[in-house]
Amino acid sequence: MASPCEVMLPYIDSNKDDVQRVAQAAEEEVRRIETKYSRFRPDSILSKINSSDGQKTTIDAETHYLLNYASVAFELSDGLFDITAGVLSKLWDFRNGIIPSPETIRTNLAYVGFQHIRFNSNSIILPAGMSLDFGGIGKEYAVDCAAAICKSAGITHGIIDLGGDLHVIGPQPDNRPWKVGVRNPRAPENAIAELAITQGGLSTSGDYERYFEHSGKRYCHLLLPKTGMPVSYWASVSVVAPSCLLAGTLSTIAMLKQSDARMWLDEQEIQYLGIHPDLTMIERNPCG
């Protein structure tokens with residue numbers, strides 16, 4: 001997952017071995033999903049789809065589920081959450097701080113648009129030149145799958161944490177909520193706030209993991225699929241939702257919606273924390 005990962009399952013001496021076996025099973029599930037959907041592995045189903053050159057590719061039920069989820073997210077976000085937009089990220093050199101030319105962006109926008117994909121429960125046809133990137137859903141899905149394994153084994157307390165994308169299985173053993181720190185987007189090694197969570201998913205989208213500054217402006221890796229340009233309104237948005245997959249989708253959409261995000265998030269009736277570039281915060285907890 002290219003990030004620090006933890007399976008935190010409290011135990012007492014009598015069930016230590018059982019909990020360790022469950023934690024191992026959860027880790028194996030995460031590795032299975034990464035192997036299957038990493039676009040960096042030539043043997044993954046995603047790489048097979050991306051190299052299909054417009055030909056039909058056979059898919060299984062799990063892949064169909066994720067594609068269908070991505071389709072719903074695309075519609076929910078009015079086309080902002082688009083798993084075909086990864087082609088735009090390749091144009092931006094965040095390591096060397098190079099901005100692509102407007103002509104280069106315009107040319108590549110022709111290869112963006114989930115609406116151009118055709119898929120059903122058995123197969124997918126991805127137009128030549130296009131590619132899929134599960135970067136916005138794969139890790140979050142893996143978090144939920146790992147948590148499901150723990151729950152099915154009778155685990156009622158703990159956290160699955162894959163690089164800051166969390167699924168809280170249940171409260172602490174004494175029934176207190178977990179206090180989860182939210183990174184300061186301008187000093188990510190420090191927390192700027194805490195969120196109290198007893199169950200469900202937490203995900204944060206922000207402008208601080210891959211970015212560069214040019215002429216006093218920050219350019220981050222979250223790109224608008226209709227323009228190919230980075231977002232700038234929020235420094236980060238954290239969302240608490242029933243699942244990590246949903247939390248990750250909502251936080252990403254909020255970043256992409258920019259100034260329209262707050263009203264849209266309020267309509268979702270979920271807990272969130274939005275942080276502006278000047279570090280002012282907007283928090284809502286409908287259950288608080």
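Predicted model: local features only at pLDDT ≥ 70, side-chain atom pairs only at ≥ 80, totals over all residues.

Reply: Strand E5 (158–162) and strand E6 (165–170) run antiparallel to each other and are joined over 5 bridges. The two strands form a hairpin with 2 residues between them. If you look at the turn, you will find glycine 163, whose phi is positive, at about 60°.

Now stay with E6 and look at its surroundings. Because 6 of the 6 residues of E6 are buried, the strand is largely enclosed by the rest of the structure. E6 is also joined to E9 by 3 bridges, and this pair runs antiparallel. Here valine 168 stands opposite glycine 200 in E9.

Stepping back, these strands belong to an open sheet of 7 strands, in the order E1-E5-E6-E9-E12-E13-E14, with antiparallel pairing. At the edges are strand E1 (5–8) and strand E14 (281–284), each of which pairs on one side only. Neighbouring strands of the sheet are turned against each other by 10° on average, with direction ignored. As a general point, strands of a sheet pair through backbone hydrogen bonds, in either a parallel or an antiparallel way.

Next, what lies across the strands you started with? Helix H6 (residues 138–152) lies across E5, E6 and strand E9 (200–206), and runs at about 20° to E6.

H6 has a helical partner too. Helix H1 (residues 16–37) packs with H6 at an angle of about 150°, and their axes are 9 Å apart. An angle over 145 degrees counts as roughly antiparallel, so that is how H1 and H6 are described. The crossing of H1 past H6 is right-handed. On the H1 side, the contact is made by Val22, Ala25, Ala26, Glu29, Val30 and Ile33. H6 contributes Gly138, Tyr141, Ala142, Cys145, Ala146, Ile149 and Cys150. Sorted by class, this contact has 11 nonpolar, 1 polar and 1 charged residues.

Strand E13 (residues 271–275) pairs with E14 in the antiparallel sense, over 4 bridges. Within this part of the sheet, leucine 273 stands opposite glutamate 283 in E14.

The C-alpha atoms of arginine 262 and glycine 274 are 8.3 Å apart, although 12 residues separate the two along the chain. With a relative accessibility of 44%, arginine 262 counts as partly exposed.

Finally, H8 packs with helix H7 (residues 244–257) at an angle of about 150°, with 8 Å between their axes. That makes H7 and H8 roughly antiparallel. Leu250, Ile253, Ala254 and Lys257 of H7 meet Ala261, Trp264, Leu265 and Gln268 of H8. By class, the H7 contact with H8 has 6 nonpolar, 1 polar and 1 charged residues.

Notes: Residues numbered from 1 in each chain as written. Heavy atoms only, no water. Buried < 20%, exposed > 50% of the residue type's maximum accessible area, 1.4 Å probe, protein only. Axes fitted to C-alpha atoms, helices over the stretch in contact; angles between N-to-C directions. Parallel < 35°, antiparallel > 145°, perpendicular 65-115°, else oblique. Contact = heavy atoms within 4.5 Å. Nonpolar A, V, L, I, M, F, W, Y, C, P; charged D, E, K, R; others polar. Pairing = 2+ DSSP bridges. Left-handed = near helix turned anticlockwise from the far one by under 90°.
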